[in-house]
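Let's take a walk through a protein model and look at how some of its charged side chains pair up. Have the structure open and follow along as we go.

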Amino acid sequence: AGRGNNGGDGMVAARFLKLAGADVRVVLAPGTRCTPLFEEKLVALIAVGVKPEVWHAGLLSAFAEIKPVLIDALTGIGLTLPVRKPVIDILNEAHSLEVTSVIAVDIPSGLDADSGAGLPILKPTVTVTFGAAKPCHVLMPAAASCGTILVEDIGYPTAAEQICEEKPWLREVRSEAVIAMNPWQSLAREANRYGRGHVRVI
């Protein structure tokens, strides 16, 4: 986990897993700068008996034999590329492990949420994101590195959701929605592409 809000989400996941009876180990990226949300969730995690360790080279090798489920909460939507040390070293060391699965918090570490730029070193089985899918979840080639996308509601204000619906930056068009709209229903039987305008597909 990092020390920003994405890492804070990781602390919440670790706390709930601990309370459910899982054997939980938390490894934090080195550093001193933390967001208030991270600090709050870290205190709550320590209160249930989980004391995070600060990463140093070789620390993750202790997990080599147990094939853990790995939760990637290092970088989130605030990432500025390129990924720098020590984060990239942590990701490379984690990538060397044989794991049962990888679950990314919000976005896989190393991706830019808006553009899809970057290349995640850890390719998750599942990405759990909040409120709505981000552009990197649907834009190729980034989308291929996100695994199954689970969108979870975290209580965004209704007004904010309405603004996004009315003025989306990016809208994903799903086949079932197009079929339901049936944009072809008004076409004459003899209609052809020249009567409907042209679409450039890149």
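Start with Glu-40, which is partly exposed, with a relative accessible area of 48%. Keep in mind that this is a predicted model. Glu-40 has a partner: Lys-41 forms a salt bridge with it, and the closest N and O atoms are 3.3 Å apart. What's going on here? Side chains of opposite charge can pair when their charged atoms come close.

Next, find Lys-67 and Glu-98. These two make a salt bridge as well, with 3.3 Å between the closest N and O atoms. Lys-67 sits in the loop between strand 2 (53-54) and strand 3 (69-72), while Glu-98 is in the loop between helix 3 (87-95) and strand 4 (101-105), so this pair ties together parts that are 31 residues apart in sequence. Are these residues buried, exposed or something in between? Lys-67 is partly exposed, at a relative accessible area of 43%, and Glu-98 is partly exposed too, at 49%.

Now move along to Asp-106, which forms a salt bridge with Lys-134; here the closest N and O atoms are 3.2 Å apart. Asp-106 lies in the loop between strand 4 and strand 5 (126-130), and Lys-134 in the loop between strand 5 and helix 4 (135-138), so the pair ties together parts that are 28 residues apart in sequence.

Methods:
Residues numbered from 1 in each chain as written. Predicted model: local features only at pLDDT ≥ 70, side-chain atom pairs only at ≥ 80, totals over all residues. Heavy atoms only, no water. Salt bridge = Lys/Arg side-chain N within 4 Å of Asp/Glu carboxyl O. Buried < 20%, exposed > 50% of the residue type's maximum accessible area, 1.4 Å probe, protein only. Helix = DSSP H or I, 4+ residues; strand = E, 2+ residues; numbered from the N terminus.
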